[in-house]
Amino acid sequence: MIIKSVEFVKSAVNPSQYPMDNLPEIAFAGRSNVGKSSLINSLVNRKNLVKTSSTPGRTQLINFFMANGKLSLVDLPGYGYAKVPESVRKEWGPMIERYLSTRSSLRGVVLIMDIRRIPTEVEVDFIHWLGQFHIRCILVLTKTDKLSKMKQIKQYHLAAKGLGVEPAELILFSAKARTGKDAVWNAIKRLTDL
Ligand SMILES: Nc1nc2c(ncn2[C@@H]2O[C@H](COP(=O)(O)OP(=O)(O)O)[C@@H](O)[C@H]2O)c(=O)[nH]1
Ligand SMILES: [Mg+2]
């Protein structure tokens with residue numbers, strides 16, 4: 001996809017604050033610090049459209065972006081970061097659930113996982129939960145540059161097994177090495193008919 005323009009639209013907590021433009025929408029989810037913001041920046045060829053951080057667990061809002069005036073991209077707050085206070089965590093679940101279960105323009109969720117971590121029941125449950133809402137899921141293993149090619153292949157198969165999917169359903173990605181971007185875009189295009 002050739003990105004001609006991309007802009008931040010707004011941040012939201014409640015459905016009344018979501019943009020009303022009704023554009024096809026793709027949301028990005030993953031644990032804090034997994035490389036979600038870096039992946040979005042890389043997809044739209046921007047260094048810092050979405051703030052990246054080495055201090056995880058800070059973003060607690062749903063951030064909406066618009067690409068080429070016709071595709072909505074959503075950065076969901078990361079989950080599973082131990083240092084997030086319980087009070088914040090209590091808000092997080094319902095906020096994400098509300099978004100995912102009510103957003104009618106949502107065409108799919110990109111679930112981003114660190115290739116070095118074997119997916120746990122958190123990821124498996126999330127995928128299952130999305131399925132119950134008939135939300136399509138694009139599975140991405142990121143930070144592949146951190147592993148040798150041999151280790152990548154090993155982890156790729158272990159991740160597929162852990163998630164209960166065919167290896168071919170997983171996309172290998174690295175923001176640093178700039179690999180996997182076309183594969184993610186192709187998957188997004190399939191879900192959005194763009
Ligand atoms: N080596 C490497 N580091 C990455 C990659 N993607 C993100 N990071 C680093 O991981 C940290 C968290 O990234 P960020 O995009 O802010 O993660 P988020 O919390 O999921 O949005 C930052 O220090 C990034 O520079 C990648 O593909 N390779
Ligand atoms: Mg982020």
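Student: What makes helix α3 count as hardly covered?

Tutor: A residue is buried if 20 or more other C-beta atoms lie within 10 Å of its own, exposed if 12 or fewer, and partly exposed in between, with C-beta atoms placed from the backbone; among the twelve residues of α3 the count of buried residues is one. This is a predicted model, in which local features need pLDDT of at least 70, side-chain atom pairs count only at pLDDT 80 or more, and totals for chains, interfaces and linings use all residues. Residues are numbered from 1 along each chain as its sequence is written, while chains are lettered from A and ligands numbered from 1 in the order in which they are written.

Student: How do you know that the length of α3 agrees with its twelve residues?

Tutor: The expected span is 1.5 Å times one less than the number of residues, which gives 16 Å for residues 121–132, and the end C-alpha atoms are 16 Å apart, so the two agree.

Student: Why is strand β6 called largely enclosed?

Tutor: Six of the six residues of β6 (residues 137–142) are buried, so the rest of the structure largely encloses this strand. Cys-137, Leu-139 and Leu-141 point one way, whereas Ile-138, Val-140 and Thr-142 point the other way.

Student: What makes β5 and β6 a pair?

Tutor: Two strands pair if DSSP finds at least two bridges between them, and β5 (residues 106–114) and β6 have six, in the parallel sense. The chain crosses from β5 through α3 to β6 in a right-handed β-α-β crossover, meaning that, with the strands pointing away from the viewer, the path from the first strand over the helix to the second runs clockwise.

Terms used. Helix = DSSP H or I, 4+ residues; strand = E, 2+ residues; numbered from the N terminus.
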